[in-house]
Amino acid sequence: MKVGIIGLGFVGLSFASVLGSKNYSTLGFDSDKKKSSQIKNGKPPFYEPYLEETLNQALRKGLEITDNIATMVKSCQLIFVTVGTPQGNDGSIDLSMVKSAVEEIGKHLKYSKNKPIIVIKSTVVPGTALDVLLPILVSKSRKKPGKDFGLITNPEFLRESMAISDTVNPHAIVLGGTKDRFMNAIKKFYENLHKNTPIIATNNQTAEMIKYTNNSFLATKISFINQISNICQLIPGANVEDVARTIGLDPRIGHLFLNAGPGYGGSCLPKDVAAIINFSNSLGINPLLLNAVKQVNDYQLKHVILTIKRAAGTLKKKRITVLGLAFKPDTDDIRDSVSIKLIQSLLKQGAKIIVHDPKAIENTKNIFKEKISYAESLDDALRKSQCCVIITPWKEYSKINERHLQLMEKRIIVDTRRILNNSKLKMNYYPIGIG
Ligand code: UDX
């Protein structure tokens, strides 16, 4: 079965690389020519563990990068759409990239005898496949769905920093569509690719809803523990780590996604919670709980700033070190990263900012340019610092030692991830969630 993939971001490039490396004949396409040629040369345009090796293996085996969608539509039995659906100002998602990908497919389908399955992996609100994308495909191709082509919704659950292992071993495969031969064919494809993964076959709109439910539940867990964490912080001696670890032992709760911190960020959770809120409102439903999840998350940044002020006093002209810029460790992605919002706020209050991150400095320079200082090492980041704020729990920050602290002008540490909680360092320590 020949596979086409349109959109080579985190999802598309990871998928293309894994399939190609497993010898699946795969065609990858991205409308960004620069990105496309970088990928062709084996260089991923972003940092993701194991991606470069997997991509290069794929390029030696089954993967080819093309700039021709017509060839893909003519020759591939499966065409995955993995383009982005960025967030609009009102929280709704911008469908323009998905629409134009589907338009292109439809245009070429018109002149092709091939009967492909078009698989939507991009995150779209319920109803999009049937109400928006299917009409485009039909009008551009003049072909019949269920006869000349299939349209399947196949949401993706991979995590950045774990993209390759999540693509190799997903926890579930969701297929939304009509029960027909196209559905059977894609089921077989996945049964073959992932021998032991449960496959859930449902309709398109339920598959679309599953993705939002999954991500908004994860966001709910994080906001819940952040709320508890803020309460713990005001109870002398209380520790949110022990609270989370213990409730996590209850199998009905589970221990994952209960790490209190500065709030969730990244390219998915904030966008998906906003989109499902916007979508619910459009249906006339007031999503009280989801609104609260978002509000708690927005508040968490203010909570971090209040903690910094309690620790360091007035911020004007204070030299503050921010450790961690990426929205989580093992990525260079700063989209919707709490660090970036924190720096913006600290700058407004007159602080002098010096930042460090093992991978995300270059991306951050594009935002702040000369307005902040960029440290190449932890030593440089902490030298003469009057307050250090740990945001992203990169492993190396848990190794901060007495020598590092000696470099600081004041030994004040605000630790939003409690990674130094068990150290015996002499410092004024302000952990989030510990009273
Ligand atoms: C998320 C979903 O996990 C994934 O299934 C979906 O496909 C895409 O969105 P990702 O954005 O890569 O993945 O990151 P994730 O690991 O979920 O973390 C998101 C944010 O939540 C990060 O800012 C992280 O620091 C924060 N987080 C996560 C916490 O603050 N506490 C936790 O316990 C877990």
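Modeller: Start with Lys-211. An N or O atom in the Lys-211 side chain sits 3.4 Å from an oxygen atom of the ligand. A polar contact here is a pair of N or O atoms within 3.5 Å; within protein, one must be able to donate a hydrogen and the other to accept it, and residues adjacent in sequence count only if both atoms are side-chain atoms. Lys-328 places a polar side-chain atom 2.9 Å from a ligand oxygen. For Arg-417, the distance from a side-chain N or O atom to a ligand oxygen is 3.2 Å. Alone, the ligand exposes 660 Å², and the protein buries 92% of that (Shrake-Rupley areas, 1.4 Å probe; for residues, only the protein chains shown count as cover).

This is a predicted model: local features need pLDDT of at least 70, side-chain atom pairs count only at pLDDT 80 or more, and totals for chains, interfaces and linings use all residues. Residues are numbered from 1 along each chain as its sequence is written, and side-chain values use heavy atoms, with hydrogens and water left out.

Now the shell. The ligand is surrounded by 19 residues, each with a heavy atom within 4 Å of the ligand. The closest are Phe-157, Leu-158, Glu-160, Asn-259 and Lys-328. By class, the shell holds 10 nonpolar, 3 polar and 6 charged residues. Nonpolar means Ala, Val, Leu, Ile, Met, Phe, Trp, Tyr, Cys and Pro; charged means Asp, Glu, Lys and Arg; the others, Gly among them, are polar. Helix α9 (residues 204–233) gives the largest share of the shell, 4 residues. Helices are DSSP runs (H or I, at least four residues), numbered from the N terminus.

Definitions and conventions
Helices (H or I, at least four residues) and strands (E, at least two) are DSSP runs, numbered from the N terminus.
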